[in-house]
Amino acid sequence: VYRPASYVSLAVHNLKLAAIAAAGLGLLAVLLVLLDLGAAAVTVVTVPMASIAAAYVLYLRGTDITSMELAGIVAGTAIAVHDAVAVGDAIARHRRAGPDRAPLDGPVAAVAAVAEVGRPLAIATLVAIVCLLPVLFLASLPSRPFLPPVAMTFALATAASMVVALAVAAAAGALFARFGPS
């Protein structure tokens with residue numbers, strides 16, 4: 001007997017497992033690249049928060065989350081990963097001793113990292129959003145029902161990613177600083 005409720009329950013269970021596996025693999029990948037557990041933890045915390053922030057902005061706009069909006073959020077996740085890794089790497093660099101400077105404490109390193117990467121992240125976000133403007137104004141084309149929602153959601157996800165990266169990643173970097181190299 002086919003029961004839709006059991007299908008949905010199984011799908012939710014599989015989604016939870018996939019999310020846990022993705023977080024673990026993401027942590028491992030970033031840990032191997034940055035060689036800093038604190039910076040890797042910043043990335044693993046920041047990326048889901050950016051996606052949740054984008055979904056919340058859609059909720060505030062009254063937008064239904066369809067497959068087109070999910071496509072925009074998924075595309076925006078790539079930007080979220082970049083933003084989180086950029087901030088996490090900058091925090092890790094400021095915490096390490098360089099040849100001409102002393103290592104910084106966790107909160108001081110987080111503030112210095114945000115000061116360093118804040119403007120480039122803001123400019124990159126602005127460029128990504130401006131590039132999407134023509135897609136928002138498509139008229140009488142067959143792709144009209146599909147591309148503007150993806151573009152708008154991607155733009156919102158990109159903006160949310162920058163805000164989360166500069167606020168949450170910096171706070172998480174200060175919090176997780178004790179797990180990185182001294």
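**Exercise 1. The H3–H5 pair**

Task: Find the handedness of the crossing of H3 and H5, then describe how the two helices pack.

Solution. 
- Step 1. H3 and H5 cross in a right-handed sense. The model is a predicted one.
- Step 2. Take the geometry. The packing angle is about 25 degrees, and the axes of H3 and H5 lie 7 Å apart.
- Step 3. Classify the angle. Angles under 35 degrees count as roughly parallel. H3 is therefore roughly parallel to H5.
- Step 4. Sort the contact residues of H3 with H5 by class. There are 17 nonpolar, six polar and two charged residues.

**Exercise 2. The H4–H5 pair**

Solution. 
- Step 1. Locate the partner. Helix H4 covers residues 106-136.
- Step 2. Read the geometry. H4 and H5 pack at about 175 degrees, with their axes 8 Å apart.

**Exercise 3. The chain as a whole**

Task: Summarise the secondary structure, the dimensions of the C-alpha box and the share of buried residues.

Solution. 
- Step 1. Count the elements. The chain has five helices and zero strands.
- Step 2. Read them in order along the sequence. The pattern is α-α-α-α-α.
- Step 3. The C-alpha atoms fill roughly 60 × 45 × 25 Å.
- Step 4. Look at burial. Of the 182 residues in the chain, 33% are buried.

**Exercise 4. The largest pocket**

Task: Give the volume of the largest pocket and say which helices line it.

Solution. 
- Step 1. Start with the volume. The largest pocket holds about 370 Å³ of space.
- Step 2. Find the lining. It has 14 residues, and those closest to the pocket centre are Ala19, Ala22, Ala23, Val47 and Pro48.
- Step 3. Assign the lining to elements. Helix H1 (4-34) and H2 each give two or more residues. H1 has the largest share, eight residues.
- Step 4. Sort by class. The pocket lining counts 12 nonpolar and two polar residues, with no charged residues.

**Exercise 5. The cavities**

Task: How many cavities of 30 Å³ or more does a search of the whole structure find? Describe the lining of each.

Solution. 
- Step 1. The search finds two cavities of 30 Å³ or more.
- Step 2. Take the largest cavity. Its volume is about 40 Å³. Of its 11 lining residues, Asp36, Gly38, Ala39, Ile91 and Arg95 are the closest to the centre.
- Step 3. Assign that lining. Helix H2 (37-61) and helix H3 (67-95) are the elements that give two or more residues. H3 gives the most, with four residues.
- Step 4. Sort the lining of the largest cavity. It has six nonpolar, three polar and two charged residues.
- Step 5. Move to the second largest cavity. Its volume is about 30 Å³. Its lining consists of Ala50, Ser51, Ala54, Ile73, Gly76, Thr77, Ala80, Ala157 and Ser161.
- Step 6. Assign this second lining. H2, H3 and helix H5 (147-175) each supply at least two residues. H3 gives the most here, with four residues.
- Step 7. Sort the lining of the second largest cavity. It has five nonpolar and four polar residues, and no charged residues.

**Exercise 6. Two single residues**

Task: Then compare sequence and space for one pair each.

Solution. 
- Step 1. Pair it up. Alanine 75 and alanine 155 are 80 residues apart in sequence, and 9.7 Å apart in space, C-alpha to C-alpha.
- Step 2. Pair it up. Leucine 31 and threonine 43 are 12 residues apart in sequence, and 9.6 Å apart in space, C-alpha to C-alpha.

How values were computed
Residues are numbered from 1 along each chain as its sequence is written. This is a predicted model: local features need pLDDT of at least 70, side-chain atom pairs count only at pLDDT 80 or more; totals for chains, interfaces and linings use all residues. Side-chain values use heavy atoms; hydrogens and water are left out. On a 1 Å grid over the protein atoms alone, a cavity is a set of points where a 1.4 Å probe fits but cannot get out, and a pocket is an open set with protein on both sides within 12 Å along at least five of seven lines; lining residues have an atom within 4 Å of a point. Grid points are joined across faces, edges and corners, and a volume is the space filled by probe spheres set on the points. Ala, Val, Leu, Ile, Met, Phe, Trp, Tyr, Cys and Pro count as nonpolar, Asp, Glu, Lys and Arg as charged, and the others, Gly among them, as polar. Axes are lines fitted to C-alpha atoms, for helices over the stretch in contact, and angles run from 0 to 180 degrees between N-to-C directions. Angles under 35 degrees count as roughly parallel, over 145 as roughly antiparallel, 65 to 115 as roughly perpendicular and the rest as oblique. A crossing is left-handed if the near helix is turned anticlockwise from the far one by less than a right angle, and right-handed if clockwise. Buried means under 20% relative accessible area, exposed over 50%, partly exposed in between (1.4 Å probe, protein chains only).
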